[in-house]
Amino acid sequence: MNYHWDWGVFFKSTGIGHEIYLDWFITGLGWTVAVAMVAWVIALILGSVLGVMRTLPNKTLSGVAGGYVALFRNVPLLVQLFLWYFLVPDFLPESLQVWFKQDLKPATSAYISVVVCLGLFTAARVCEQVRTGIEALPKGQSNAAYAMGFTLPQVYRHVLLPQAFRIIIPPMTSEFLNVFKNSSVASLIGLMELLAQTKQTAEFSANLFEAFTLATVIYFVLNMSLMKLMGWVENRVRVPGLIGSTGK
Amino acid sequence: MMDFSQIIPALPALTDGMLLTLRLLGLSVVGGVVLGTLLALARLSDRRVLSGLAKFYVNYFRSIPLLLVISWFYLVVPLIYNWLTGSFEPVGAFTSCLVAFVMFEAAYYAEIVRAGIQAIPKGQVNAAYALGMGYGQAMRLIVLPQAFRKMTPLFLQQSIILFQDTSLVYAVGLLDFLNTARSKGDIVGLPHEFLIFAGAVYFVISFGATLLVKRLQKRFAV
């Protein structure tokens, strides 16, 4: 077995321009974060709206949100990505199609597809968490609010949502982390995010082991630090008086 | 505009693809549950080292993307394997993916089993010990059967997620259901129709299974 171990490979030239392999990893991490953050914003906004819709007394609205969740949770992420990347652009109006396929850089059109796909995919999960959070609140909360003369929007804005969002932080944290992990599917439509850069480094340098180790460490550290960050947020906004708020 | 008629001649190939998907799913679930149960037992053990290792394993696999794990087991681990055994036989994409799924899913199953075991009242274990059972007997005969009963719906839900995740073997070119649909669609020049068909099939199976699990959940309630 002739494997040339070389942990210094990341500081070697890639042979393309003045870049070293580490630059590729940094670019890749940049794309990964850019995909995950924008997708998360979409998921958070859309998911919250859908989650509220699911708990509304109106049958049509809650049915629409329920259908959305069923659809987006039961089709594999990769299939959804292919639909957004290969199929949807063909159904756009002519001018948008030309813009998406020709005017944009390939990386940009792949980026848009991934962000939309991952945002809508995660929204279905966020919706379920928001719904669970709202349903977990005692019925007396909204009844008391109604008794005080609050309107339906006021009940949600001032009573239900401020509590629901705080108690669902732990499950939302894992959805947030999932967005980062799921963004790796972007590598399959050619977006040069972290995983794609890793594969490219492995191919160019033949130092497979080192490249994949570095990628694993980056994902691991990213994940752990985001978890710590969310733990801190959870502590800051904890609802006083609940069991979770005492002790650690 | 859409022409779905070309899917009919492709059905035998698509069925083969689905069989590969289901074979991968079945083996991964079995392997994942077995390894996951062992990990959960290790995690709950009194031995610090053992529980620490199990905890690290679970945290480690839960913090990296499945696609990265597949790449590890497809590209890097076979290299190490051949190196250790001195053989130059390729490991094969199916085996690589299977091992990746088992290792990855075990981390998720382990958490389900752990929660299941922890939900068993302590009196059950004490009663088993009082009857003279050892640790192994108490686990095998008293705790795990009850825990598994409680966990069945969660197991099934995780397995539905895994069913969808098997489509990621596309990354290593394995001809599972999705990849077969993609390649057939490209060959006959109708990629959209085949992609929609694939999505619909995944949806029907996952959604049907989800409804079944919900029904089971009511029956399994202890």
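Me: What share of the 248 residues in chain A is buried, and what makes a residue count as buried?

Reply: First, this is a predicted model. Buried residues make up 38% of the 248 residues in chain A.

Me: How many helices and strands does chain A have?

Reply: Ten helices and zero strands. From the N terminus on, the order reads α-α-α-α-α-α-α-α-α-α. The C-alpha trace of chain A spans about 75 × 55 × 30 Å along its principal axes.

Me: Which part of chain A is called an ABC transmembrane type-1 domain, and how do you know?

Reply: The name comes from UniProt, in an unreviewed entry, which places that domain at residues 29–230 of chain A. Such annotations may be inferred rather than shown by experiment. In the model, this span is 83% helix and 0% strand. Its end C-alpha atoms lie 20 Å apart.

Me: What percentage of contacts in chain A between residues at least 6 apart join residues at least 24 apart in sequence?

Reply: The value is 74%. A pair counts as a contact if the two C-beta atoms lie within 7 Å.

Me: How many residues does each chain bring to the contact between A and B?

Reply: Chain B brings 28 residues and chain A brings 29. On the chain B side, α3 (66–85) and α8 (191–220) each supply at least two. α8(B) gives the most, with ten residues.

Me: What makes up that side of chain B: nonpolar, polar or charged residues?

Reply: It divides into 20 nonpolar, eight polar and no charged residues.

Methods
Residues are numbered from 1 along each chain as its sequence is written. Chains are lettered from A and ligands numbered from 1 in the order in which they are written. This is a predicted model: local features need pLDDT of at least 70, side-chain atom pairs count only at pLDDT 80 or more; totals for chains, interfaces and linings use all residues. Helices (H or I, at least four residues) and strands (E, at least two) are DSSP runs, numbered from the N terminus. A residue is buried if 20 or more other C-beta atoms lie within 10 Å of its own, exposed if 12 or fewer, and partly exposed in between; C-beta atoms are placed from the backbone. Ala, Val, Leu, Ile, Met, Phe, Trp, Tyr, Cys and Pro count as nonpolar, Asp, Glu, Lys and Arg as charged, and the others, Gly among them, as polar.
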